[in-house]
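Me: I have a chain open here and would like to go through it slowly. Could you help me read it?

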Amino acid sequence: MITIKDINEQGRINDSQLHRRIDFHSHSTFSDGALTPKALLSLASEQNIELFSLTDHDTIAGLGEAREAAKVHNIKLVTGVEISTLWKGIPIHLVALNFSEDNSALLEVLDANQKIRIDRAKKIALLLMKQGLPDLFDNAMQEAGTSQIGRPHFARVMVDQNLVKDVNKAFDRYLGNKRLGQLRDVWPDLESVLSVLNGHGMELVLAHPKRYPITVTKLKKLIFDFVQYGGTSLEVSSGNDKPESVRLLEGLIKEHKIKASVGSDFHGPYGPWCQVGKFTPFDEARIGTVWQDW
C-alpha cells in the first residue's frame, strides 16, 4: 500500500503510484456517471482493482449489472450506495458499504430519496412552464432513463425539441439558478438516516468530508455529530484531495476511533486525476480501514 512516504517533494505523487487496488466510491449511468456499470468494471479491471464499490446516488439499481461484470473480471464487488442527507441545512453525503441488497431499512431510505428527486423534477417542470415553456416532465423522465433525473435531462429535451440551440443555452436561458432560483434541498436529516441504518451491519461512511462548504471548526462538529449518530467511517481520501486535508482527516479518524474508507469518486474520464482507483495517498499505518476484514 502507498503511504505518506510516497509523496514527493512537491506534495504530489507519480501517476503510476496512484493506481490502487481498491476503490469504494464511484458512479455509473444509473446516477450521474458517464459509464455503464459494465464499462466501469472493465475500466476498474484495467486499473488492477481488486476490491470495488459502485456507489450511485440514492439507488442500487446498477448493482446487478456491476456484479455480473465483476465476476467476469475477477473483482470482488462490495455493495455500495451514496445517500443524500442534510446536516444543519447543508447537503451531506453518506456512503453505505457492504450491506445486503434486500435490507429493508436501506431500501426505505432510498425509496424516500427517489421520491424527493421526482418531486424536485416536477418543480423544475412547473418553473419552466412559468417561463413560457411546455410541460417537459414526461420527456425529461424518458431522457433520464435509468439515471437520476436532473436539470441536464431537461436541457437535452429542450435541444431535441428545438427550444434552444444547445445545452449551454438551456442553462443560460432557463435552467440556471438565476432563472429557476435555488431549489431548496429537502433531503432527510443526517441523524434520522443514520438512526435508521445504524445496527444493520453495514459501514456508514461520511463521504468526501473536505468538500463541504464549511470551516474546519464546523467540519469537526459535523464529524462529532456523525459519530454520535452512528457513523462508522470517514472517507480519508477522495480523488484529488489536498495532502494536508488527508492529514487532517487521519487525525480525526484516530481521535474518534473510527475507520477510514477511500475512493476516487469517479464520474467519468474528465482529467488526469479522474480515474478509477486514484486518490491522494494516506498513512494506513496510523488508522484502521473498512477493508481490512474484507
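This is a predicted model: local features need pLDDT of at least 70, side-chain atom pairs count only at pLDDT 80 or more; totals for chains, interfaces and linings use all residues.

Me: OK, and how many bridges join β6 to β7, and which way do they run?

Reply: Two bridges join β6 (residues 203-206) to β7 (residues 233-238), and these strands run parallel. Strands are DSSP runs of E with at least two residues, helices are runs of H or I with at least four, and both are numbered from the N terminus. Two strands are said to pair if DSSP finds at least two bridges between them.

Me: What about β6 and β5?

Reply: Four bridges join β5 to β6, and here the strands run antiparallel. Leu94 has Leu206 of β6 as its bridge partner, and Leu97 stands opposite Glu203 in β6.

Me: Which residues point each way from β6, and are they buried or exposed?

Reply: Glu203 and Val205 point one way, Leu204 and Leu206 point the other way, and all are buried. Buried means under 20% relative accessible area, exposed means over 50%, and partly exposed lies in between, using a 1.4 Å probe and protein chains only. In a regular strand the side chains alternate between the two faces of the sheet.

Me: Where does β5 go on its other pairing, with β4?

Reply: Strand β5 (residues 90-97) is joined to β4 by eight bridges, and the two run antiparallel. Among the pairs, Ser84 has His93 as its bridge partner, and Trp87 has Ile90. The two strands form a hairpin with two residues between them, and Lys88 in the turn has a positive phi of about 55°.

Me: How many residues of β4 and β5 are buried?

Reply: In β4 (residues 80-87), eight of its eight residues are buried. Both faces are covered, with Gly80, Glu82, Ser84 and Leu86 on one side and Val81, Ile83, Thr85 and Trp87 on the other. In β5, six of the eight residues are buried, so this strand is largely enclosed by the rest of the structure.

Me: Switching topic, where is Leu222 and what does it touch?

Reply: Leu222 is in helix α9 (residues 216-229), and it is buried, with a relative accessible area of 0%. Not counting residues up to four places away in sequence, Leu222 touches Trp87, Ile92, Leu190, Leu206, Tyr212 and Ile214, where a contact means heavy atoms within 4.5 Å.

Me: How far apart are Leu222 and Trp87?

Reply: Leu222 and Trp87 are 135 residues apart in sequence, and their C-alpha atoms are 7.7 Å apart in space.

Me: And Thr289, where does it lie, and is it buried or exposed?

Reply: Thr289 lies in the segment after β8 (259-263), and it is buried, with a relative accessible area of 2%. Leaving aside neighbours within four places in sequence, Thr289 is in contact with Lys259, Ala260, Phe282 and Glu284. The C-alpha atoms of Thr289 and Thr36 are separated by 28 Å, and these two residues are 253 apart along the chain.

Me: What is the order of the strands in the open sheet?

Reply: Three strands form it in the order β1-β2-β3, with parallel pairing. Strands β1 (22-23) and β3 (76-77) stand at the edges, each with a single partner strand, so one side of each is left without a neighbour in the sheet. Two bridges join β1 to β2 (residues 51-52), and one of the bridge pairs is Ile22 with Leu51.

Me: Zooming out, how many helices and strands are there, and what does the radius of gyration say?

Reply: The chain has ten helices and eight strands. Along its principal axes the C-alpha trace spans about 60 × 40 × 40 Å.

Me: How much of the chain counts as buried?

Reply: Of the 294 residues, 52% count as buried. Among contacts between residues at least 6 apart in sequence, 72% join residues at least 24 apart.

Terms used: Residues are numbered from 1 along each chain as its sequence is written. Side-chain values use heavy atoms; hydrogens and water are left out.
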